[in-house]
Amino acid sequence: PSGPSGGRANVPWQHGGTIGDFLKGPSFAFKMKFLALLALVGQFPTHGHQLRWSAAITPEMRAVSIPLKRTSASPTLHHRKGLGLLSVQEIQGHSEASLVSQMRAQAQQLHALQYYGEIQVGTPPQSFAVIFDTGSGQLMLPSDRCDSEACQKHRAFHQKSSSTAVPIGWADDPLTRAASDSDRDTTVVNFAAGEAVGQFVRDRVCLGRACAVANFVEMTEESDQPFGAAEWDGVLGLAQSLSDHMEFNIMQKLLEGDKSGVLKKPVFAVYLGRKIEDDAEITFGDFRSERMASSLHWVNVSQEGYWQFQFDDLTIDGKRTGTCEKYGPRKCQGVLDTGSSLMMGPRHDLDALLSRLNFQEATQRSCSENTKFPKLGFLIGEQLFEMDADDYIDRPKVGDCW
């Protein structure tokens with residue numbers, strides 16, 4: 001297939017996928033070196049071992065948009081003093097995957113801002129509210145066999161009520177029906193403040209009008225955190241290659257499609273309105289240009305798995321800070337994560353950044369509606385993306401900014 005024309009946008013189809021970025025909506029959280037962008041377009045790779053997609057476009061192919069609801073609760077004062085919006089203690093001696101997980105944990109605990117939407121599973125369809133999470137790789141839903149208190153607060157998947165459900169025994173044999181319940185493997189998924197235990201199922205999954213048969217995890221046990229107080233039922237992972245098997249990768253299966261037709265393009269796009277009351281949505285199969293504040297800018301994924309890419313520097317009021325020079329040819333590496341709501345990174349880099357932002361190496365300071373703060377920018381693929389102060393600061397009418 002041929003990609004969009006012009007500049008670096010000619011290379012989004014290469015193995016490894018791409019990320020398109022533009023400025024609208026609140027920020028995401030990032031690992032190691034750090035990054036904040038205000039919206040996300042993810043393009044899955046279209047050849048090689050990762051994902052398969054037909055380049056021939058037919059009238060049945062489509063793009064679907066799912067409205068996102070949101071829940072928010074401000075952190076306690078104690079939490080704000082602990083880490084705040086940007087600062088996180090640098091974690092030494094951990095693998096990249098472990099570091100991502102721990103930083104996501106901090107983001108999810110400290111700033112409870114979550115966006116979720118409806119999907120349907122099974123025949124007849126059962127509806128669930130899910131977090132669309134670019135930091136994980138598969139669909140997870142509570143099972144009707146789950147006795148945990150957290151499960152009782154949410155809609156559960158009733159496997160026996162779906163005529164198309166197939167219990168799967170093992171993740172590495174994802175198309176084979178389990179001979180019995182005793183022949184089914186159990187998977188344990190660890191979260192920041194708890195865990196879930198589940199088994200594998202194969203059934204029809206629909207995101208709007210786009211449907212496909214895919215494998216997922218039905219959770220038979222859930223810890224109270226993070227599930228107990230959640231307004232959503234489950235998690236739909238959108239990472240490139242973090243699932244147990246390609247049959248668990250919902251985006252892959254949607255690209256292959258079923259009799260309902262497949263997605264128009266190997267793309268999904270997340271739009272989050274600038275204010276909490278504004279619209280929010282996730283679109284599969286295309287992106288909506290009317291949601292964009294500027295033209296789309298494609299950036300290659302630097303390492304498969306998470307939506308990770310390189311950026312060259314941070315800027316303050318348009319002036320480069322040189323933050324990424326010490327990291328060599330790879331410069332700064334960022335991860336776009338829709339399951340987190342903070343900008344995060346190494347303490348030594350962020351302390352210096354906070355000083356430049358007039359926060360004196362702290363994440364909280366007294367301010368008013370008239371207090372001036374500089375613009376914070378990210379140099380990505382030789383293009384500068386900037387945020388005004390109110391894009392990266394919580395500024396209440398009374399009290400401290402953080």
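**View 1. Pro 67 stands opposite Glu 281 of strand β15.** Strands are DSSP runs of E with at least two residues, and helices are runs of H or I with at least four; both are numbered from the N terminus. The model is predicted: local features need pLDDT of at least 70 and side-chain atom pairs count only at pLDDT 80 or more, while totals for chains, interfaces and linings use all residues. Residues are numbered from 1 along each chain as its sequence is written, and side-chain values use heavy atoms, with hydrogens and water left out. Strand β3 (residues 64-67) runs antiparallel to β15, joined to it by four bridges; two strands pair if DSSP finds at least two bridges between them.

**View 2. Strand β14 (residues 267-272) pairs with β15 in the antiparallel sense.** Five bridges link β14 and β15. Ala 269 has Thr 283 of β15 as its bridge partner.

**View 3. Strand β15 (residues 280-284) is largely enclosed by the rest of the structure, because five of its five residues are buried.** Buried means under 20% relative accessible area, exposed over 50%, and partly exposed in between (1.4 Å probe, protein chains only). One side of β15 carries Ala 280, Ile 282 and Phe 284, the other Glu 281 and Thr 283, and both faces are covered.

**View 4. Phe 284 belongs to the largest nonpolar core, which has 35 residues.** A nonpolar core is a set of buried Ala, Val, Leu, Ile, Met, Phe, Trp, Tyr and Cys residues joined through side-chain atoms within 4.5 Å. Phe 132, Leu 139, Leu 207 and Phe 284 touch the most other members. Leaving aside residues up to four places away in sequence, the contacts of Phe 284 (heavy atoms within 4.5 Å) include Val 64, Ile 66, Phe 132, Leu 207 and Phe 268. A second, separate core of 25 residues includes Leu 357 and Phe 385.

**View 5. Cys 146 and Cys 151 are joined by a disulfide, S to S 2.0 Å.** A disulfide is a pair of cysteine sulfur atoms within 2.5 Å, and a search of the whole structure finds four. The torsion about this S-S bond is about 80 degrees, so the disulfide of Cys 146 and Cys 151 is right-handed. Both cysteines are buried.

**View 6. A disulfide links Cys 367 and Cys 401, with sulfur atoms 1.6 Å apart.** Cys 367 lies in the loop between β21 (365-366) and β22 (376-380) and Cys 401 in strand β24 (residues 400-401), so the pair ties together parts 34 residues apart in sequence. Cys 367 and Cys 401 are buried.
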